[in-house]
Amino acid sequence: MTMPRLPDLRGAQIGNEVVVEWGDHGKLIKQVRATVERFPYLTEGRNDKVETGGGAMSIIVTGASGKFGRLVTDLLLRELPPSELILVTRRPATLDHLKRRGAQVRYGDFDDSQSLREAFVGGERMLIISTLSVGRRAEQHRRAIDAAVAVGVSHIAYTSSGGAHPDNPAIVIPDHLRTEAALKESGVAYTILRDSLYAEAVVTEIAPRMLAIGKWVCCAADGRSPFISKIDCVAVAVKVLTTPGHENKTYEVAGRELLSFRDAAALTSEMSGQPIEFVVVSDEEEAAGLAAAGVPATYVEGLNTPGVGTSAIDDIVSYEQGMRGGYFEVSSDDVQHILGRPPRSLRDVFIEHREIFQRAAAKA
Ligand SMILES: NC(=O)c1ccc[n+]([C@@H]2O[C@H](COP(=O)([O-])OP(=O)(O)OC[C@H]3O[C@@H](n4cnc5c(N)ncnc54)[C@H](OP(=O)(O)O)[C@@H]3O)[C@@H](O)[C@H]2O)c1
């Protein structure tokens, strides 16, 4: 018998098998029988076969306390009982409400491999929501992949980015490419979700900022992107986690139309009834404008500049360079195929948030 490593986790070795049980406050949630190799963390052994008990399917969500993670969790809870969710965060107290409903809320830090192994035990499928620590996160994601493999997770989905091409100058891309490669090398079944630029970021952050000055200023010029609703990205992630047939696939989670910021400016003008001039500036001028708005040069943990969001200057400018270079011009019907319906358009998302523009029009 091995020693329990968490209050709600027990592992017992019987011959060359291990029985792993986990629960919540003494109530048994789930039992798995596996050969010892599958749970080296409990048994220091190795194995390659897991049988799950009762047909239940535990799904791990990392970054569960974040905006994307909360939306994914809400949707998963429409499909699965809370006890089948393992929600991982460095701040478990923020998810107490879900713990009370029966979800397993566990501490896990991408900078601490042991915490990840403990957090992931018993999970069969997992969504790694990429962190925002640009430049450092490929290493964090690799730790998560290694920990998942070590405890027997059988399928990992990962939120990557559209435009994942080695020549793309956007500084967000290399981390995603390295994580995609790590997933493919891991031997575990994977699904890569290359989410394009969120339409909500355009509509709720960029557009109101530009509307306030009556100009849409950018260095992306007429570069285009298949803006995609974050809600559709979440729906795709949940479908991939809860239905079969997505193993070892890379999906371009993209909208149907390739649009530029000039198109976004025209929609902002239409929604608000106010004219907006489209102004293309140099990269340096764009960086200076963002600095004047209080945006830091590079990402710092917890960054969220009002009206700009979670991106730093180097991220925004290089992303727009990538747009200008055509690296984000991806056409795909993956979303339609996975969801069985078309993704929301940029116009749909503008309409969903029309009150932002009606308020601005009323003030003018
Ligand atoms: N396509 C786009 O336009 C676009 C735009 C922006 C972001 N994104 C992507 O959207 C996703 C997340 O966005 P979001 O809005 O949900 O961000 P968010 O609200 O800031 O959430 C970030 C999450 O990451 C977790 N996290 C960060 N560092 C961690 C660490 N060291 N260990 C464990 N967890 C850590 C945080 O958990 P705790 O702090 O609770 O531990 C939190 O749950 C990411 O995949 C990002 O790359 C895409």
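**Entry 1: overall fold**

I began with contacts in the protein between residues at least 6 apart in sequence, and 70% of them join residues at least 24 apart. I count two residues as in contact if their C-beta atoms, placed from the backbone, lie within 7 Å. This is a predicted model, so I noted its limits: local features need pLDDT of at least 70, side-chain atom pairs count only at pLDDT 80 or more, and totals for chains, interfaces and linings use all residues. Residues are numbered from 1 along each chain as its sequence is written.

I found 14 helices and 15 strands in the protein. They are DSSP runs numbered from the N terminus: helices are H or I with at least four residues, strands are E with at least two. Of the 364 residues, 47% count as buried. Buried means 20 or more other C-beta atoms within 10 Å of the residue's own, exposed means 12 or fewer, and partly exposed lies in between, with C-beta atoms placed from the backbone.

**Entry 2: confidence**

I checked pLDDT, the predictor's confidence in each residue, from 0 to 100. The mean for the protein is 89, and 85% of its residues reach 70 or more. Two stretches I set aside. Over residues 1-8 pLDDT stays under 50, and the model has 15 contacts beyond four places in sequence for them. Over residues 40-54 pLDDT also stays under 50, and there the model has 42 such contacts.

**Entry 3: the core**

Which residues have the most contacts inside the largest nonpolar core? I read off L87, F120, I156, V236 and A237, in a core of 96 residues. Helix α8 (residues 230-242) gives the most to this core, with eight residues. The core draws at least three residues from each of domain 1 (9-195) and domain 2 (199-224 + 256-329 + 345-363). Those domain bounds come from an automatic or database domain assignment. A nonpolar core here is a set of buried Ala, Val, Leu, Ile, Met, Phe, Trp, Tyr and Cys residues joined through C-beta atoms within 7 Å. In soluble globular proteins, nonpolar side chains tend to be buried together.

I then followed A237. Leaving aside neighbours within four places in sequence, A237 is in contact with V72, L127, A157, T159 and L193.

**Entry 4: the ligand shell**

I listed the residues around the ligand. There are 24, and the closest are G63, S65, G66, F68 and R90. The shell divides into seven nonpolar, eleven polar and six charged residues.

Y107 is in strand β7 (residues 104-107). Beyond four places in sequence, Y107 touches R90, P92, S115 and A119. Y107 counts as partly exposed because it has 16 C-beta neighbours inside 10 Å.

**Entry 5: two buried residues**

Why is C219 buried? C219 counts as buried because it has 23 C-beta neighbours inside 10 Å. C219 lies in the loop between β11 and β12. Its C-alpha atom is separated by 5.1 Å from that of V281, 62 residues apart along the chain. Beyond four places in sequence, C219 touches V280, V281, S282, D283, E286, V317, E320 and R324.

S161 lies in strand β9 (residues 155-161). S161 is buried, with 24 other C-beta atoms within 10 Å. Outside the four places on either side in sequence, S161 touches V172, I173, H176, R194 and D195.

**Entry 6: loops and phi**

Most residues other than glycine have a negative phi. A221 has a positive phi of about 55° and lies in the loop between β11 (215-218) and β12 (224-225). With 16 C-beta neighbours inside 10 Å, A221 counts as partly exposed. N248 also has a positive phi of about 55°, in the loop between α8 and β13 (249-253). N248 is exposed, with 12 other C-beta atoms within 10 Å.

Last, I checked S331, in the loop between α11 (313-324) and α12 (334-339). S331 counts as exposed, with 11 C-beta neighbours inside 10 Å. Leaving aside neighbours within four places in sequence, S331 is in contact with P226 and L258.

Technical notes:
Near = placed C-beta within 6 Å. Nonpolar A, V, L, I, M, F, W, Y, C, P; charged D, E, K, R; others polar.
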